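Subject: Structure handover

Hello,

Here is the structure we discussed. My notes on it follow below.

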Amino acid sequence: MILGRHLQLEVFGESHAPIIGMRMSGLPEAANIDLRKLQAFVDRRAPGKDALSTSRREPDRVELKRFAGGVVEAVIRNTNVRSGDYETTVPRPGHADWPNFVKTGRIPPGGGANSGRMTAPMCVAGGICLQQLARRRITVKAKLTACGG
């Protein structure tokens, strides 16, 4: 999946593949990235912190690479891959298992490229962008004003 025109983001991998990651192009060539701050930002999305999220725990250790032309790539190694935990013959309600089966002929364990795990590389990209905006004194905020009824 590739998103964007000026700043392009490609997310790749699957939840039970060796890695997941993102490649972003269009950043300024001299854009500094504070890996410590980026890791702290990504750590906020980790599941298993409450009763409503999955109990699956996996460290999202960001490995960053820089390339010429304002391209940054980050990978996260999948370390908690237990594909046997997933029934692979019956599509799960509320997941992308059935559309994936129609498209590819298989139901990937854990949702594959449609897994919630794929939000980790998106958070990496968002964290990099937030750092670049902060250097320009631009902040992004959100506020929950209602939930449920």
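Buried is used here for a relative accessible area under 20%, exposed for over 50%, and partly exposed for anything in between (1.4 Å probe, protein chains only). The model is predicted: local features need pLDDT of at least 70 and side-chain atom pairs pLDDT 80 or more, while totals for chains, interfaces and linings use all residues. Residues are numbered from 1 along each chain as its sequence is written, and side-chain values use heavy atoms, with hydrogens and water left out.

Salt bridges

The whole structure has five salt bridges (a side-chain nitrogen of Lys or Arg within 4 Å of a carboxyl oxygen of Asp or Glu). One of them joins Glu63 and Arg77, at 2.8 Å from N to O. Glu63 lies in β4 (62–67) and Arg77 in β5, so the pair ties together parts 14 residues apart in sequence. Strands are DSSP runs of E, at least two residues, and helices runs of H or I, at least four, numbered from the N terminus. Glu63 is partly exposed at 29%, as is Arg77 at 45%.

Glu10, Arg23 and Glu73 are linked in a network. The closest N and O atoms are 2.9 Å apart for Glu10 and Arg23, and 2.7 Å for Glu73 and Arg23. Glu73 is in β5 and Arg23 in β3, so this pair ties together parts 50 residues apart in sequence. Glu73 is buried, at 10%.

Regards
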